[in-house]
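Here is a short note for a colleague new to this entry. Please look at the ligand site.

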Amino acid sequence: MRFERTLILIKPDAMQRGLAGEIIKRIENKGLKIVGIKMLKMDKKLVEEHYNKYKEKPFFPVLERFMSSTPIIAMVVEGIEAISVVRRMIGKTNGREAESGTIRGDFSMSISKNLIHASDSEENAREEINRFFKEEELISWKRIDEIIYSEDELE
Ligand code: ATP
Ligand code: MG
């Protein structure tokens with residue numbers, strides 16, 4: 001089946017609130033495999049690249065200050081249909097509207113301070129992974145996937 005990789009950013013509000021562990025725990029509990037993880041501080045240039053399509057939006061200056069305010073954790077996770085799976089786990093952009101059970105739905109009350117970013121398409125995932133990780137920072141490793149997936153799913 002279709003194994004995908006997707007980029008996750010644990011945003012400054014999650015770092016400030018000590019929710020990084022909770023977020024990583026949910027990702028691991030779900031059965032996604034971490035293949036890259038690091039801490040970094042986004043500078044304005046990187047925020048502009050990452051959220052380029054919102055550059056002209058009125059909320060962009062706030063978003064830029066927020067995303068560069070503290071270090072973040074960037075992760076690449078892998079799994080069958082990982083891109084859509086993680087998007088469902090994070091919930092709607094606005095934390096107030098996100099469903100309970102999702103990360104934003106359980107922990108966020110804001111449209112900007114919404115704790116986590118995740119890639120939303122195959123093309124964006126590829127581009128975003130390359131933006132944050134060098135090839136050698138991504139580690140392919142053998143996990144006992146038979147405990148997570150059925151044998152036909154692994155074919
Ligand atoms: P992300 O790209 O961070 O995973 P998303 O895909 O759910 O979030 P987008 O529409 O891509 O949402 O918006 C990117 C980010 O820009 C949001 O996570 C939020 O922090 C900010 N943002 C989007 N829309 C608004 C808005 N109307 N007001 C304030 N901030 C916004
Ligand atoms: Mg987005």
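The points below cover the ligand, its contacts and its pocket.

1. This is a predicted model, where local features need pLDDT of at least 70, side-chain atom pairs count only at pLDDT 80 or more, and totals for chains, interfaces and linings use all residues. Residues are numbered from 1 along each chain as written, chains are lettered from A and ligands numbered from 1 in written order, and side-chain values use heavy atoms, without hydrogens and water.

2. Ligand 1 is surrounded by 13 residues (a heavy atom within 4 Å). Tyr51, Tyr54, Thr93, Asn114 and His117 are the closest. The shell holds six nonpolar, four polar and three charged residues (nonpolar: Ala, Val, Leu, Ile, Met, Phe, Trp, Tyr, Cys and Pro; charged: Asp, Glu, Lys and Arg; polar: the others, Gly among them).

3. Taken alone, ligand 1 exposes 570 Å², and the protein buries 81% of that (Shrake-Rupley method, 1.4 Å probe).

4. Ligand 1 takes up the space of the largest pocket (more than half of its atoms within 2 Å of the grid points). A pocket is an open set of points on a 1 Å grid over the protein atoms alone, where a 1.4 Å probe fits, with protein on both sides within 12 Å along at least five of seven lines; lining residues have an atom within 4 Å of a point.

5. The lining of the largest pocket has 24 residues. Tyr51, Lys53, Tyr54, Leu63 and His117 lie nearest its centre. By class, the lining has eight nonpolar, seven polar and nine charged residues.
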